[in-house]
Amino acid sequence: MRENKPALIDPFGRRIEYVRLSVTDRCNLRCTYCLPKGFTGFEESDEWLTFDEVERAIGAFARLGVSKVRLTGGEPLVRRDLPDLAARLSKLPGIADLSLSTNAVLLAQKAQALYTAGVCRVNVSLDTLKPGRFAEITGGRLDKVLDGLMAAKRAGFAPIKINMVALKGVNDDEFEDMVEFCLVHGFTLRLIETMPVGDTGRKATRYYLDLQKVKRRLASRFDLIPGVMLGGGPARYMQVAGTPLRIGFITPISQHFCASCNRVRLSADGTLYLCLGQNHRVGLRPLLRAGATDDELEAAIIDALALKPERHEFREKPRQVIRFMSMTGG
Ligand code: SAM
């Protein structure tokens with residue numbers, strides 16, 4: 001953080017040090033709980049921030065104490081020249097941790113370039129190890145994701161985390177298999193509860209599974225002890241005793257974790273979202289395109305923080321968030 005700059009502290013005393021940066025709202029998959037089949041209503045690409053604009057925005061966050069940035073989407077790997085952007089962001093003073101969330105369909109081609117550009121950690125969405133089921137959930141091919149994961153391992157990313165959305169009646173017979181898969185490959189597993197984000201996310205809550213129950217089930221098969229994970233974010237971790245495997249439970253519905261929220265989200269069009277589960281937002285693109293100075297940009301970010309709500313209301317107001325998850329990147 002630059003001398004004399006205020007840290008980003010929200011009205012509830014939470015320090016914001018993490019920006020999830022959506023570089024595109026487009027995706028090459030159509031997961032049943034995220035985007036509707038056949039959806040094409042994406043933003044036009046001239047609505048997206050350019051790399052120069054992203055670099056300026058993230059530079060402003062970094063001067064205000066943000067040290068962690070995650071590239072997300074949509075599917076971030078469909079944004080052309082992503083390694084170039086990654087290289088620019090990883091060099092910004094103050095940015096100590098640049099990571100990526102991806103469906104890994106295109107990761108085999110891009111893993112090495114992204115690692116060289118300074119991306120150090122990668123999270124891969126993977127809800128099933130069965131090719132037919134994978135096609136049903138996502139519309140895509142499992143072998144590409146597995147190739148991407150192996151390329152990420154070879155490139156040196158650490159840790160590699162698997163994000164598995166727990167879906168009742170869809171993939172709830174596979175948690176143990178996924179634990180074994182992660183044990184074999186040295187990945188970390190994170191299980192996620194479905195969230196009512198966007199119309200498709202809302203419909204998918206019929207597959208909602210309380211992860212507290214899943215934790216008890218896994219504990220009957222594996223020797224689970226409390227685990228810690230540096231930079232673990234909202235997940236509560238257990239470790240399989242005698243192994244390095246950690247299993248994170250992301251439970252926005254059954255046990256929300258808003259009190260320790262440390263993040264904001266910047267969408268591809270430069271809208272700053274203060275909470276995944278609420279609509280409070282401020283557009284930074286007009287400022288960036290109107291030639292705002294660095295001081296003006298920083299002031300706008302500090303002012304925006306005053307809007308950060310205390311918590312999401314997924315339970316109380318499940319109809320509230322109409323944007324799809326792909327706009328803010330989860
Ligand atoms: N395409 C990238 C990926 O696959 O990681 C980044 C964006 S994706 C929207 C981020 C994460 O959000 C994925 O792990 C996805 O499974 C999750 N997700 C999407 N919709 C969700 C929902 N309704 N409930 C819970 N998780 C969701």
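1. Where does Asp81 lie? In this predicted model, Asp81 is found in the loop between strand S2 (residues 68–72) and helix H2. The phi angle of Asp81 is near 60°, a positive value in a residue other than glycine. Most residues other than glycine have a negative phi. With a relative accessible area of 43%, Asp81 is partly exposed.

2. Ala104 also deserves attention for its backbone. Its phi is positive, at about 70°, although Ala104 is not a glycine. Ala104 is located in the loop between S3 and H3. Is Ala104 buried or exposed? The relative accessibility of Ala104 is 0%, so this residue counts as buried.

3. A further backbone feature concerns a peptide bond. Ala158 and Pro159 are joined by a cis peptide bond, with omega of about -5°. In general, most peptide bonds are trans. Pro159 belongs to the loop between H5 and S5. The student may wish to find this bond in the structure above.

4. The next point is helix H3, which spans residues 107–116. Leu107, Ala111 and Leu114 are buried in this helix. Seen down the axis of H3, the buried residues fall within an arc of 85°, so they line one face of the helix. The face of H3 turned away from the buried side carries Gln109 and Thr116, which are exposed.

5. Asn103 is placed in the loop between S3 and H3. Asn103 has a relative accessibility of 6% and therefore counts as buried. Its side chain makes a polar contact of 2.8 Å with the side chain of Asn28. A polar atom of the Asn103 side chain also lies 3.0 Å from the backbone nitrogen of Val105. Leaving aside neighbours within four places in sequence, the residues in contact with Asn103 include Cys27, Leu29, Glu75, Val124, Ser125 and Val145. Asn103 and Asn163 are 60 residues apart along the chain, and their C-alpha atoms are separated by 9.4 Å.

6. Ser99 sits in strand S3. At 1% relative accessibility, Ser99 counts as buried. With which side chain does the side chain of Ser99 make a polar contact? The partner is the side chain of Arg70, at 3.2 Å. Apart from neighbours within four places in sequence, Ser99 is in contact with Val69, Arg70, Leu71, Val119 and Arg121.

7. The ligand forms the next topic. How many residues surround the ligand? There are 18, and the closest are Tyr33, Gly74, Glu75, Ser125 and Met195. By class, this shell has five nonpolar, 11 polar and two charged residues. S3 and strand S5 (160–165) each supply at least two residues of the shell.

8. A nitrogen atom of the ligand lies 3.1 Å from a backbone N or O atom of Tyr33. A polar backbone atom of Gly74 is 2.8 Å from a nitrogen atom of the ligand. For Ser125, a polar side-chain atom lies 2.7 Å from an oxygen atom of the ligand. On its own, the ligand has 550 Å² of accessible area, and the protein covers 94% of that area.

9. Gly330 is partly exposed, with a relative accessible area of 21%. How far apart are the C-alpha atoms of Gly330 and Ser22? They are separated by 9.2 Å, while the two residues are 308 residues apart along the chain. Beyond its neighbours within four places in sequence, Gly330 is in contact with Arg20, Arg265, Leu276 and Met325.

Note on methods
Residues numbered from 1 in each chain as written. Predicted model: local features only at pLDDT ≥ 70, side-chain atom pairs only at ≥ 80, totals over all residues. Heavy atoms only, no water. Buried < 20%, exposed > 50% of the residue type's maximum accessible area, 1.4 Å probe, protein only. Helix = DSSP H or I, 4+ residues; strand = E, 2+ residues; numbered from the N terminus. Arc of directions from axis to C-beta. Near = heavy atom within 4 Å. Polar contact = N/O pair within 3.5 Å; in protein donor to acceptor, adjacent residues only side chain to side chain. Areas by Shrake-Rupley, 256 points an atom, 1.4 Å probe, with all protein chains shown as cover. Nonpolar A, V, L, I, M, F, W, Y, C, P; charged D, E, K, R; others polar. Contact = heavy atoms within 4.5 Å.
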